[in-house]
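Visitor: I am new to reading protein models. Could you walk me through this one, feature by feature?

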Amino acid sequence: MIILGIILLVIGFLFNIQILWILGIILLIIGLVLLALGSMGRAVGGRRHYY
């Protein structure tokens, strides 16, 4: 999810598409939150690790 967020950010920036920029930021933040929760040992969505 983090990689997809970064890809959408880059595409949105290069082609000046605002909706891709916003979706990229949202996916990046959600991915980082899930990564942080998974690294603290909390089960996220029934999984111990979230990749």
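Guide: Gladly! Keep in mind that this is a predicted model. Let us start with aromatic rings: the structure holds one aromatic pair.

Visitor: How are the rings of Phe-13 and Trp-21 arranged, and why does the pair get that label?

Guide: The general idea is to look at the angle between the ring planes: under 30 degrees counts as stacked, over 60 as edge-to-face, and the rest as tilted. Here the planes of Phe-13 and Trp-21 are at 40°, so the pair is tilted, and the ring centres are 6.1 Å apart.

Visitor: Is Phe-13 buried or exposed? And what about Trp-21?

Guide: For this we use relative accessible area: under 20% is buried, over 50% is exposed, and in between is partly exposed. Phe-13 has 59%, so Phe-13 is exposed. Trp-21 has 33%, so Trp-21 is partly exposed.

Visitor: Now the helices, please. How many residues does helix H2 have, and how far does it reach?

Guide: Helix H2 covers residues 18-39, which makes 22 residues. From its first C-alpha to its last, H2 reaches 32 Å, close to the 32 Å expected at 1.5 Å a residue. After H2 comes Gly-41, which has a positive phi, near 95°.

Visitor: Which residues of H2 are buried?

Guide: They are Gly-24, Gly-31, Leu-34 and Gly-38. Seen down the axis of H2, the buried residues fall within an arc of 105°, so they line one face of the helix. Part of what covers the buried residues of H2 is helix H1 (2-15).

Visitor: Where does UniProt place the "transmembrane region"?

Guide: The UniProt entry, which is unreviewed, places that feature at residues 6-38. In the model, this span is 94% helix and 0% strand, and its end C-alpha atoms lie 20 Å apart.

Terms used: Residues numbered from 1 in each chain as written. Predicted model: local features only at pLDDT ≥ 70, side-chain atom pairs only at ≥ 80, totals over all residues. Heavy atoms only, no water. UniProt positions renumbered as here; feature names shortened; annotations may be inferred. Helix = DSSP H or I, 4+ residues; strand = E, 2+ residues; numbered from the N terminus. Expected span 1.5 Å × (residues − 1). Buried < 20%, exposed > 50% of the residue type's maximum accessible area, 1.4 Å probe, protein only. Arc of directions from axis to C-beta. Contact = heavy atoms within 4.5 Å. Phe/Tyr/Trp six-rings, centres within 6.5 Å; stacked < 30°, edge-to-face > 60°.
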